[in-house]
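Here's a quick briefing to read with the model open beside you. Take a look at the fold first, then come back for the details.

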Amino acid sequence: MKGQKRAKAVAKKKARSKKRERTDRARCGLCGKTGNLTKTECCDQWICDDEDRYVLFSYARNSCYRNHSRYTLCGFHYAEGHSGDWQNCQRCGDSFETEMYVYYGTNEYNFETLREVPDYEPTKCSKCNSVIVLGEGGYSTRGGEYFCERCADFDFSQL
Ligand SMILES: [Zn+2]
Ligand SMILES: [Zn+2]
Ligand SMILES: [Zn+2]
Ligand SMILES: [Zn+2]
């Protein structure tokens, strides 16, 4: 009983001191802003405490915190509870197509990028054969085939 009470008190203290922590020298590792920072859960780096700026279902990418936790291997690796270093995690490698794996491991939401970037064939539109950058979105898939934005629009209008 006593031990439990103490643990609670300690947790409270922790929460309070976190708020008071000096953040004036720290900068967000992604955008360089100072002030209103927090640490990432996955890799303990300073980052904007801005997840509340995200509007639900907007898919906006204006939150450093969210971008790092959602669009990087580091965040994924942590969220999935993998062990070891994300940069050489086999389970992460198996979780995505190579192109997306490379995107999640090298995009601007990373503090550190993949050391070894695997080769991959660019994804092409099954209809017009133009290259689709999966990380940029705007494409659609059907039955394992990829369609660029233009061809996808065209197809849908025919339905
Ligand atoms: Zn930031
Ligand atoms: Zn991280
Ligand atoms: Zn992993
Ligand atoms: Zn196309």
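Which elements do the buried residues of α2 pack against? They pack against β1 (37–39), β2 and α3 (73–79). Bear in mind that this is a predicted model. Across the 159 residues of the protein, 19% count as buried, and α2 is mostly covered, with six of its eight residues buried.

**Overall layout**
- The protein has six helices and six strands.
- Reading from the N terminus, the elements go α-β-β-α-α-α-α-β-β-β-β-α.
- Take the contacts in the protein with a separation of 6 or more: residues 24 or more positions apart account for 27% of them.

**The largest core**
- Nine residues form the largest nonpolar core: Cys28, Leu30, Leu37, Trp46, Ile47, Cys48, Cys64, Tyr65 and Tyr109.
- At least two residues of this core come from each of β2 (46–48) and α2 (64–71).
- β2 is the top contributor to this core, giving three residues.
- There's another core apart from this one, made of eight residues, including Cys74, Phe76, Val102 and Tyr104.

**Helix α2 and Cys64**
- The buried residues in α2 are Cys64, Tyr65, Arg66, Asn67, His68 and Ser69.
- Setting aside residues up to four places away in sequence, Cys64 touches Cys28, Leu30, Cys31, Ile47, Cys48 and Asp50.
- Among those partners, Cys28, Leu30, Ile47 and Cys48 also belong to the largest nonpolar core.

**Asp52, out in a loop**
- You'll find Asp52 in the loop between β2 and α2.
- Eleven residues along the chain from Asp52 sits Ser63, and their C-alpha atoms are separated by 8.2 Å.

**Asn110, a buried loop residue**
- Asn110 lies in the loop between α5 (98–106) and β3 (123–124).
- Why does Asn110 count as buried? Asn110 has 21 C-beta neighbours inside 10 Å, so it counts as buried, given that the cut-off is 20 or more.
- Ignoring neighbours within four places in sequence, Asn110 is in contact with Thr72, Cys74 and Gly105.
- Asn110 and Leu30 are 80 residues apart along the chain, yet their C-alpha atoms are separated by 7.3 Å.

Methods
Residues are numbered from 1 along each chain as its sequence is written. Chains are lettered from A and ligands numbered from 1 in the order in which they are written. This is a predicted model: local features need pLDDT of at least 70, side-chain atom pairs count only at pLDDT 80 or more; totals for chains, interfaces and linings use all residues. A nonpolar core is a set of buried Ala, Val, Leu, Ile, Met, Phe, Trp, Tyr and Cys residues joined through C-beta atoms within 7 Å. A residue is buried if 20 or more other C-beta atoms lie within 10 Å of its own, exposed if 12 or fewer, and partly exposed in between; C-beta atoms are placed from the backbone. Helices (H or I, at least four residues) and strands (E, at least two) are DSSP runs, numbered from the N terminus. Two residues are in contact if their C-beta atoms, placed from the backbone, lie within 7 Å.
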